[in-house]
Amino acid sequence: MQTDRATDLSEPIPISRLDGRDSMASSFLAADVGGTHARIGLVVPHAATGRPDLIAYRTYRCAEYGSLAGILGDFCRHHAVHPDALVLACAGFVDRGAVVNENLAWPITLEQLKADAGFASIDVLNDFEAFAHAVGHFGPRDAVSIVDGTADPKGAVVVVGPGTGLGAALWLPGRPVRVLHTEAGQMELAARPGIEQAIRAELGPVDGYVSYEHVLSGPGLRRLYRAVAAVRCAHASLADPSEITAAALAGTDAVAMETVDYFCRWLGAFCGDVAVAFNASGGVCLAGGFLARLASVLRAGPFAERFMDKGVMRSFLDSTPVFVVEHGQWGVLGAANWRMSQ
């Protein structure tokens, strides 16, 4: 991937000052809000390139605040700034002025947020649509390879991210770059005969609908762990997704190890499906800290085989790279990119 970033995004950025009245006038806030964390950045156009320059950044735990307005107010007070505009990247969609997303810590109503936080304008886009708008900024040091391949520089890139939910978007190169938001995570989970179907039967009604998101997410990992335990007639002793992941990596819980194995199998199958569906010859980008912690398991385990096991499409997928990028500040930068391209 090409990169033309003006700022190192590997660490949180402290604010020093805004260079002059023009920068203050053109500054805005960009927020990437999920079910667990809210990431807030102060953005100005870079003096030389005109691209977004992230000059202050902070991550908040949503559960520690009573509203998004409270988080934004804290950020503005901490940095002694208050721009008039906000671009909000958030899972879900906007319906009659409210963000519809059952995974959020609190309701978000745009007019109320304007009033409470004092913004003249608020733009909203999907969180993975925002992340995808940062794809052109990734450099080699930002990504960890999971499946080796040669990316087509003119090809589409699929962005997939299990978190509180399962996000998916498509990045299309060109001038201008285009991003297509998708709800691919709501596709029906495909279980193969045998143990997978036994686990699937524990996840929902045998003749009912179970989405990929129901399994390929933080809450989904917990559901999968309980389902595997039920199939194996074992005790499900762990409750938190981070505990399940840690136990699997440490090899201290057999059910957790098998859970992560099937998580990787289904994630590989899902990524292969969306790569074929969207002809993603530019590769598949897996986003998020959750997957970054599993990078070694994804690379060494069953992910790659399930990713490529698509019949006549195997030769296409065999040359399609898959890589992991730590979520971090990329959603904020992508939201800023989107706003400045409008």
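Colleague: What separates Lys114 and Glu111, three residues apart in helix H3?

Modeller: They are separated by about one helical turn, because they stand three residues apart in that helix. Helices (H or I, at least four residues) and strands (E, at least two) are DSSP runs, numbered from the N terminus. This is a predicted model, in which local features need pLDDT of at least 70 and side-chain atom pairs count only at pLDDT 80 or more, while totals for chains, interfaces and linings use all residues. Residues are numbered from 1 along each chain as its sequence is written, and side-chain values use heavy atoms, with hydrogens and water left out.

Colleague: How many salt bridges does the structure hold?

Modeller: A salt bridge is a side-chain nitrogen of Lys or Arg within 4 Å of a carboxyl oxygen of Asp or Glu. The structure holds 11 of them. One joins Lys114 to Glu111, with the closest N and O atoms 3.8 Å apart. Lys114 is partly exposed at 24% relative accessible area, and Glu111 is exposed at 55%; here buried means under 20%, exposed over 50%, and partly exposed in between (1.4 Å probe, protein chains only).

Colleague: Which parts does the pair of Asp309 and Arg192 tie together?

Modeller: Their side chains meet in a salt bridge of 3.1 Å, N to O. Asp309 lies in the loop between helix H11 (303-308) and helix H12 (314-318), and Arg192 in the loop between E11 and helix H5 (195-203), so the pair ties together parts that are 117 residues apart in sequence. Asp309 is partly exposed at 29%, and Arg192 is partly exposed at 33%.

Colleague: In what order do the five strands of the open sheet stand?

Modeller: Two strands pair if DSSP finds at least two bridges between them. Here the order is E3-E2-E1-E4-E7, with mixed pairing. Strand E3 (52-61) and strand E7 (121-125) form the edges, each pairing on one side only. From one strand to the next, the twist averages 20 degrees. Strand E4 (residues 85-90) runs parallel to E7 over five bridges, and Ala89 stands opposite Leu125 in E7.

Colleague: Which strands does helix H13 touch?

Modeller: Contact means heavy atoms within 4.5 Å. Axes are lines fitted to C-alpha atoms, for helices over the stretch in contact, and angles run from 0 to 180 degrees between N-to-C directions. Helix H3 (residues 110-117) lies across E4 and E7, at about 135 degrees to E7. Helix H13 (residues 330-341) packs on the sheet and touches strand E1 (28-33), strand E2 (37-45), E3, E4 and E7, its direction making about 130 degrees with that of E1.

Colleague: Is Leu42 buried or exposed?

Modeller: Leu42, found in strand E2, is buried, with a relative accessible area of 0%.

Colleague: Which residue other than glycine has a phi near 55 degrees?

Modeller: Most residues other than glycine have a negative phi, and most peptide bonds are trans. Ala80 has that positive phi; this residue lies in the loop between helix H2 (68-79) and E4 and is exposed at 68% relative accessibility. Asn279 likewise has a positive phi, of about 50 degrees, and lies in the loop between helix H8 (254-277) and strand E12 (283-287).

Colleague: Where is Pro176 found?

Modeller: Pro176 is found in the loop between strand E10 (166-172) and strand E11 (178-182). The peptide bond from Arg175 to Pro176 is cis, with omega near 5 degrees.
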